[in-house]
Amino acid sequence: MLPHSFPSEMSDQLKVFFILGGPGSGKGTNCARLVEDFGYTHFSAGDLLRAAAKEGTSDVANLIRELIRGGNIVPSEITVALLKQTIQEHPNPIGYVIDGFPRKFDQARMFEEDIAKAAGIIYYQCSEETMEKRLLGRAEGGEKRDDDNAEVIRKRFRVNVEECEPVVESYKKEGRCFVIDANRDKEEVYNDTKKVFVQLGEKPKK
């Protein structure tokens, strides 16, 4: 069950940006630089879920663990409740960048109704070939996760196309989604990302 909604005055004050893209498209890398340049707090929905699965022994923790290992999406109620609790525990008047979320329509609806409407959405468009190369390279470099193997990676790609891309298309129609070509050099990608945030009225710290 979801926690109670934020008070409306608190919800109005929250500034949240969604960072979307397939696995290995560079969401986390760019979020880390946005934190450094703008002062946001960064949450990865996937990292929060993995931590909950690792630390918990409850039925919910076990469910999260099995879903992640299989490359499947965790129920929206669990993800949104976890994000809500985490935001409440880490107040930041500058704002938040949340990567890997929302991955389904109902996640987006639950978050924007119960927590805050997204101030902007970034979508890193990246080929499956590039993403798979990056993910397998990450595994070889000692950063392997339970879901970093070729079979699960390809399933994650399918889930991303089936579940996540319709969300992106919806945000595009609303004029709230900014698409960035993430196949390029990471400096080019981040420079374009930073330009979007400045365009949205955000001010870098330096």
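Visitor: Why is cysteine 177 called buried in this predicted model?

Guide: Cysteine 177 has a relative accessible area of 14%. Buried means under 20%, so cysteine 177 counts as buried.

Visitor: What makes cysteine 164 buried?

Guide: The relative accessibility of cysteine 164 is 8%. The cut-off is under 20%, so cysteine 164 is buried too.

Visitor: How many disulfides does the structure hold?

Guide: The count is 0. A disulfide would need a pair of cysteine sulfur atoms within 2.5 Å.

Visitor: What is the order of the strands in the sheet, and how do they pair?

Guide: The sheet is open, with 5 strands in the order 2-3-1-4-5 and parallel pairing.

Visitor: What makes strand 2 and strand 5 edge strands?

Guide: Strand 2 (41–44) and strand 5 (177–181) each have a single partner strand, so one side of each has no neighbour in the sheet. From one strand to the next, the twist averages 20°.

Visitor: How do you know that strand 1 and strand 3 pair?

Guide: Pairing needs at least two bridges. Strand 1 (residues 16–21) and strand 3 (residues 96–99) have 4 bridges, in the parallel sense. Within this pair, valine 16 stands opposite tyrosine 96 of strand 3.

Visitor: Which strands does helix 9 touch?

Guide: Helix 9 (residues 186–199) packs on the sheet and touches strand 1, strand 3, strand 4 (120–125) and strand 5. The direction of helix 9 makes about 160° with that of strand 5.

Visitor: Why are helix 3 and helix 5 called roughly perpendicular?

Guide: The axes of helix 3 (residues 45–55) and helix 5 (residues 76–89) cross at roughly 95° and come within 10 Å. Angles of 65 to 115 degrees count as roughly perpendicular, and the two helices are therefore given that name.

Visitor: Which residues make the contact?

Guide: Helix 3 contributes Ala45, Leu48, Leu49 and Ala52, while helix 5 contributes Ile78, Thr79, Leu82, Leu83 and Thr86. Of the contact residues, 7 are nonpolar, 2 are polar and none is charged.

Visitor: Which residues of helix 4 are buried, and what covers them?

Guide: In helix 4 (residues 59–69), the buried residues are Ala61, Ile64, Arg65, Leu67 and Ile68. Their cover includes helix 3 and helix 5. An α-helix has 3.6 residues a turn, so residues three or four places apart point the same way.

How values were computed:
Residues are numbered from 1 along each chain as its sequence is written. This is a predicted model: local features need pLDDT of at least 70, side-chain atom pairs count only at pLDDT 80 or more; totals for chains, interfaces and linings use all residues. Side-chain values use heavy atoms; hydrogens and water are left out. Buried means under 20% relative accessible area, exposed over 50%, partly exposed in between (1.4 Å probe, protein chains only). Axes are lines fitted to C-alpha atoms, for helices over the stretch in contact, and angles run from 0 to 180 degrees between N-to-C directions. Contact means heavy atoms within 4.5 Å. Angles under 35 degrees count as roughly parallel, over 145 as roughly antiparallel, 65 to 115 as roughly perpendicular and the rest as oblique. Ala, Val, Leu, Ile, Met, Phe, Trp, Tyr, Cys and Pro count as nonpolar, Asp, Glu, Lys and Arg as charged, and the others, Gly among them, as polar.
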